[in-house]
Amino acid sequence: MPKMTVDLRRHETLTIGEARVRLEHKSGQIARLVIEAPADTRIIPPRTRPAEPASRSTHQHGAYDA
């Protein structure tokens, strides 16, 4: 499968076939993309990170272990 790398600035649009992808916002390592595509186009977003397990420690903020 061919591969291409594209750098986008805020509000620039990339067209892929009939789909358009626009970079709406970027902050740190997170980018908000707006995707406009035909209704029959399958779009699969990345899985969200699983929630971190609750800490079993009794350590309180501002309290220090001796």
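## Salt bridges in the model

Three salt bridges are counted in this predicted model, where a salt bridge is a side-chain nitrogen of Lys or Arg within 4 Å of a carboxyl oxygen of Asp or Glu. They involve R20, R22, E24 and E36, which are linked in a network.

The model is predicted, so that local features need pLDDT of at least 70 and side-chain atom pairs count only at pLDDT 80 or more, while totals for chains, interfaces and linings use all residues. Residues are numbered from 1 along each chain as its sequence is written, and side-chain values use heavy atoms, with hydrogens and water left out.

## The bridges of E36

E36 and R20 meet through their side chains in a salt bridge of 2.9 Å, N to O. Because E36 lies in strand β3 (residues 30-36) and R20 in strand β2 (residues 19-27), this pair ties together parts that are 16 residues apart in sequence; strands here are DSSP runs of E with at least two residues, numbered from the N terminus.

E36 also forms a salt bridge with R22, and here the closest N and O atoms are 3.8 Å apart. Since R22 lies in strand β2 and E36 in strand β3, this pair ties together parts that are 14 residues apart in sequence.

Partly exposed means a relative accessible area between the limits for buried (under 20%) and exposed (over 50%), with a 1.4 Å probe and protein chains only. By this rule E36 is partly exposed at 35%, as are R20 at 42%, E24 at 25% and R22 at 24%.

Methods:
Helices (H or I, at least four residues) and strands (E, at least two) are DSSP runs, numbered from the N terminus.
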